[in-house]
Amino acid sequence: MLSVIIYFFIGLTFKGKGSGVSDIATLQQELSDIFIISPWLLLIPVIVLGIIALKTPAIPGLVIGSILGGVVAIIVQGETIGSVLSIMVYGFEMETGNEVLDNLLNNGGTEAMMYTVSLVMIAMSFGGMILETSGIMNTIVTSLLKMAKSTGSLITTTVAICVTANIVACDQYLSILLPGRMYLTAYRKRELHPKNLSRTLEDAGTMTSPLVPWNTCGAFMTATLGVSTFQYAPYALLCIISPIIAIIYAYTGFTIEKLPKDNRMEEQVTENNEVSVML
């Protein structure tokens with residue numbers, strides 16, 4: 001809501017600087033001349049959203065969405081199976097004579113994403129195999145944990161390590177997995193509900209990853225939007241505000257939930273058993 005309010009006031013300063021209604025009508029007409037456009041086609045994204053709502057694993061969900069899109073392209077738009085497969089690999093290509101429309105249509109395909117995919121693979125290899133195996137990230141995480149003397153400082157430290165992991169490890173997943181795995185015991189000892197850790201990992205790990213140019217999320221955003229990270233970062237208000245709100249929650253105690261008494265006893269028994277096994 002804070003982001004929406006700020007965007008509203010920012011939007012007022014850009015009033016009248018966008019495309020005119022006539023330009024939009026021209027684009028709509030040209031698209032209608034090229035493609036069959038019908039509200040019924042919205043069923044495909046609705047089905048995909050339904051798959052997401054059912055918490056279907058990512059790969060089957062993406063495959064189902066791609067197959068449905070291909071079937072619609074063949075049945076409704078008149079494409080062939082060969083052209084659909086070609087579009088999936090190389091992207092859609094068409095010259096309409098309208099520069100804006102050409103930029104809108106000529107995109108996509110596996111080939112266009114190979115730079116981002118390769119960066120993701122390299123980042124995961126670097127972060128997962130080198131930084132974690134060598135113990136560098138563990139040392140950083142443990143050192144910062146020593147500074148956590150209260151609930152506020154613990155959550156603030158979690159935010160700091162998530163941001164650090166996004167910068168150093170170059171990948172969003174590592175910024176969630178490393179502090180999440182290593183700080184769980186610290187949250188237990190302070191009798192904090194695991195949802196506090198989960199939310200903080202999202203607020204700081206997930207949300208700040210698009211702000212780092214060499215992070216896989218930052219690279220994806222740049223490749224998709226055609227705008228550098230430093231250009232869109234000042235307007236990524238949700239990404240900027242979320243970790244700040246997490247720290248405010250931490251020190252005010254607002255929304256910070258403690259473990260129920262029964263769970264505290266179970267956590268203590270589990271921890272004692274773990275220590276006994278180690279001994």
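Author: Buried means under 20% relative accessible area, exposed over 50%, and partly exposed in between, with a 1.4 Å probe and protein chains only. The helices (H or I, at least four residues) and strands (E, at least two) are DSSP runs, numbered from the N terminus.

A word on the source: this is a predicted model, in which local features need pLDDT of at least 70 and side-chain atom pairs count only at pLDDT 80 or more, while totals for chains, interfaces and linings use all residues. Residues are numbered from 1 along each chain as its sequence is written, and side-chain values use heavy atoms, with hydrogens and water left out.

Now to single residues. Not counting residues up to four places away in sequence, Tyr-183 touches Val-141, Leu-144, Leu-145, Thr-157, Thr-158, Ile-161 and Leu-197, where contact means heavy atoms within 4.5 Å. One of these partners, Thr-158, sits in helix α9. Thr-158 counts as buried because its relative accessibility is 0%. Apart from neighbours within four places in sequence, Thr-158 is in contact with Tyr-183, Tyr-187, Leu-197, Thr-200 and Leu-201.

Next, the helix pairs. The axes of α9 and α10 come within 8 Å and cross at roughly 155 degrees, so α9 is roughly antiparallel to α10. Axes are lines fitted to C-alpha atoms, for helices over the stretch in contact, and angles run from 0 to 180 degrees between N-to-C directions. Angles under 35 degrees count as roughly parallel, over 145 as roughly antiparallel, 65 to 115 as roughly perpendicular and the rest as oblique. On the α9 side, the contact is made by Leu-154, Ile-155, Thr-157, Thr-158, Ile-161, Cys-162, Ala-165 and Asn-166. From α10 come Gln-172, Leu-174, Ser-175, Pro-179, Tyr-183, Ala-186 and Tyr-187. By class, the residues of the contact of α9 with α10 are ten nonpolar, five polar and no charged. Ala, Val, Leu, Ile, Met, Phe, Trp, Tyr, Cys and Pro count as nonpolar, Asp, Glu, Lys and Arg as charged, and the others, Gly among them, as polar.

Helix α9 also packs with α14, at an angle of about 165 degrees and with the axes 7 Å apart. That makes this pair, α9 and α14, roughly antiparallel. Here α9 contributes Thr-151, Gly-152, Ser-153, Ile-155, Thr-156 and Val-159, and α14 contributes Pro-243, Ala-246, Ile-247, Ala-250 and Tyr-251.

Finally, a look at the loop between α10 and α11, where Glu-191 is found. Phi of Glu-191 is near 60 degrees, a positive value in a residue other than glycine. Glu-191 counts as partly exposed because its relative accessibility is 33%. As for the protein chain as a whole, the secondary structure comes to 15 helices and zero strands, and buried residues make up 29% of its 279 residues.
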